[in-house]
Amino acid sequence: MNVKKEVEMNWEDAPDTITPEIYAKIRGKSPQWARDRFNKKDFPKLESGKQIADKTAVRLYDMGINIKNNPKQSIDFLMLLELQKLNERIGVNK
């Protein structure tokens, strides 16, 4: 049974590489749910043989953007995120 848990961490506070346990904390899910996601064939797990993944790739994956199948869309989206952060820092649109 997958019980909804409270979100314990946000994407910004997570390390650059995440484990299923960290992913579960970010998503507010059980560690088993996160391990099941990590084991999916299309999940953007690093090729190290360990259960680790780049947090940005996982975040994009959660948004439906697969960096392996569509790298251009991934880059466009990352540029948009960085521009939003920059605009927030300099006070644009306030």
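**Close-up views of a predicted model**

**View 1. Lining of the largest pocket.** Counted by class, four nonpolar, one polar and five charged residues form the lining of the largest pocket. The structure is a predicted model, in which local features need pLDDT of at least 70 and side-chain atom pairs count only at pLDDT 80 or more, while totals for chains, interfaces and linings use all residues. Residues are numbered from 1 along each chain as its sequence is written, and side-chain values use heavy atoms, with hydrogens and water left out. The lining includes Trp11, Glu12, Arg59 and Lys85, and α3 (55-62) and α4 (71-90) each supply at least two of its residues.

**View 2. The largest nonpolar core.** This core, a set of buried Ala, Val, Leu, Ile, Met, Phe, Trp, Tyr and Cys residues joined through side-chain atoms within 4.5 Å, has 14 residues, of which Trp11, Ile18, Tyr23, Phe38, Phe43 and Val58 touch the most other members. The elements giving two or more residues to the core are α1, α2 and α3, and α1 gives the most, with four residues.

**View 3. Surroundings of Val58.** Leaving aside neighbours within four places in sequence, Val58 is in contact (heavy atoms within 4.5 Å) with Trp11, Ile18, Tyr23, Phe43, Pro44 and Ala53.

Definitions and conventions
1 Å grid on protein atoms, 1.4 Å probe; cavity = no way out; pocket = protein on both sides within 12 Å on 5 of 7 lines; lining within 4 Å. Nonpolar A, V, L, I, M, F, W, Y, C, P; charged D, E, K, R; others polar. Buried < 20%, exposed > 50% of the residue type's maximum accessible area, 1.4 Å probe, protein only.
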